[in-house]
Amino acid sequence: MAGGPAETAAPALPEGRYGTSRAKAPRRCRRWLFLAIALLVSGVIAWVAYVNLGSAPIDAERVAFSAKPGNAMEITINVTRDDTSRPGVCIVRVRDKTGAESGRKELLIPAGAKYSRMSTTIKSIGQPVTADVYGCSYDVPQYLSTP
């Protein structure tokens, strides 16, 4: 009759044909290790995206620009900042018809209001066709902050 120990045991595999059996513990540890590495990498990517794509503490937007005689251009910008007690600096630039930067200027933004409008004239080495804001920062160079 059925049900003896010989009939319920798994059949024996031919020796050397399938290799040795592996323990399941290393696979489980490897799975947790890969999961931990994936979480760490995802966290680093999220942090870098937050730092680079998050809102800037000081930002400027071009409002207008107009050509001036002698290869110069006037630019007007609106500056928005979160800390009104600190001065800032914005870099504005002009470009020629090829798109290359042909002039640049650092503009000191004095401490004051949260929103401010500034204008400046930028000299160019060639005929400028447009002006824009390169970026803003609270790291004011020493030569801009001293009277």
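Modeller: One definition before we look at this predicted model: two strands pair if DSSP finds at least two bridges between them.

Biologist: What makes S2 and strand S5 a pair?

Modeller: Nine bridges join S2 to S5 (residues 115–123). The cut-off is at least two, so they count as paired. The two run antiparallel, and Val79 has Ser116 in S5 as its bridge partner.

Biologist: And how do you know that strand S1 pairs with S2?

Modeller: That's the same test: ten bridges join S1 (residues 58–68) to S2, and at least two are needed, so they pair too. These strands also run antiparallel, with Ile58 opposite Arg81 in S2. They form a hairpin with three residues between them, and Gly70 in the turn has a positive phi of about 80 degrees.

Biologist: Why is S2 called largely enclosed?

Modeller: Because seven of its ten residues are buried.

Biologist: Arg81 is buried; how do you know that it has no salt bridge?

Modeller: The nearest side chain of opposite charge, Asp82, is 7.7 Å away.

Biologist: Then which backbone oxygens does the Arg81 side chain reach?

Modeller: It gets to the one of Arg86 at 3.0 Å and the one of Ala113 at 3.2 Å.

Conventions:
Residues numbered from 1 in each chain as written. Predicted model: local features only at pLDDT ≥ 70, side-chain atom pairs only at ≥ 80, totals over all residues. Heavy atoms only, no water. Buried < 20%, exposed > 50% of the residue type's maximum accessible area, 1.4 Å probe, protein only. Lys, Arg positive; Asp, Glu negative; His and termini not counted. Salt bridge = Lys/Arg side-chain N within 4 Å of Asp/Glu carboxyl O. Polar contact = N/O pair within 3.5 Å; in protein donor to acceptor, adjacent residues only side chain to side chain. Helix = DSSP H or I, 4+ residues; strand = E, 2+ residues; numbered from the N terminus.
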